[in-house]
Amino acid sequence: MKIAIGIKALNEAGKIEAALRSALAAVAPYGGTVLLADSGSTDATVEIARRLPVDVVQLANRAERSCGAGAQLAFQHLDAEYFCLIDGDMELVPGFIEASLAYLDAHPQVAGVGGQVIERNLEAEEFQIRAAAMANEAHRRAGPVDRLDGGGVYRMRAIREVGYFSDRNLHSFEEFDLAARLISRGWTLVRIDVPAVEHRGHSGNGYRLLLYRLTSGQMGGAGEVLRASLGKPHFPLVVRRLGHLRKAVVIAAWWLALILALWRAPLAAAALVIVPVAWLGWRRGSLALGLYSFAMWNALAIGLIGGLFRRRVPPTRPLASVAFTRLPPAG
């Protein structure tokens, strides 16, 4: 099989049909397969998928739920020359799969190809910041990159060489971890100047989303990636290229300085709060976004500590799952 597309999802009933239909249209010229890897949805996500010509598997143990587990669950059930992974709140843009396969066929040293991610929901502060930063982030621009955030098409042979697609222990940064393992083995990742997916992320209050990311473990992804790389060939890449680690160190130093200032110089302590918020506000073009960035950096540092010490299981251990049969189309 030339191409298989996996879609990982959790409670995406309002968006999953559009995601699945975009994937079905993308694989149709190649006779490819589409699979939904569900992480234990409690809404109608699975039922909607079962009425479409796609395969559906669900994580058997919800306690194993994580971003990495969802991606690996999809990978372990598919076999093709190339593997594409997207999220359940994304839609593939027509033409991306064709362009990425052509690039991969022409460049055998490339392990994966991504495209441009189009953010469609900018209600939450996180996605406003992300959309504004895209032009300045090296891994978002066309050319060789150190990760394929937002999904991509991967060469199965390269994935098998590094042992597994996604570390089931990771609650975020799973794309970066995969990229670091591939690059350390001599593979290359490329982002092409072609629209790849439209992303309709979380809506609502950004601070509520930030709290969810912290309590669900997602903010601990950087610490989990660092721990997973200890003693491995890709450790230097992780330390050098994962900027969130440096941000966490800066915040930890800021915490120490703030504690000392509160003890000795309260006015200096006030400045230690005002100055970084003002600087981030200037950088983001909005005081509100600056305050949100400041809160996110602190949540990241807190999460990193938890992620660094979180229990791990072997990432190559298969995930137990339940397969669903298809239902007749509605109506």
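Start with charges: Lys and Arg count as positive, Asp and Glu as negative, while His and the chain ends are not counted. Each charge is placed at NZ of Lys, CZ of Arg, CG of Asp or CD of Glu. Select those residues: the mean positions of the 37 positive and 29 negative charges lie 7 Å apart.

A quick word on what you're looking at: this is a predicted model, where local features need pLDDT of at least 70 and side-chain atom pairs count only at pLDDT 80 or more, while totals for chains, interfaces and linings use all residues. Residues are numbered from 1 along each chain as its sequence is written, and side-chain values use heavy atoms, with hydrogens and water left out.

Now switch to cartoon view. You'll find 13 helices and ten strands in the chain (DSSP runs numbered from the N terminus: helices are H or I with at least four residues, strands are E with at least two).

Next, show just the C-alpha atoms. They fill a box of roughly 70 × 45 × 35 Å along the principal axes.

Is Leu209 buried or exposed? Leu209 is buried, with a relative accessible area of 7% (buried means under 20%, exposed over 50%, partly exposed in between, using a 1.4 Å probe and protein chains only).
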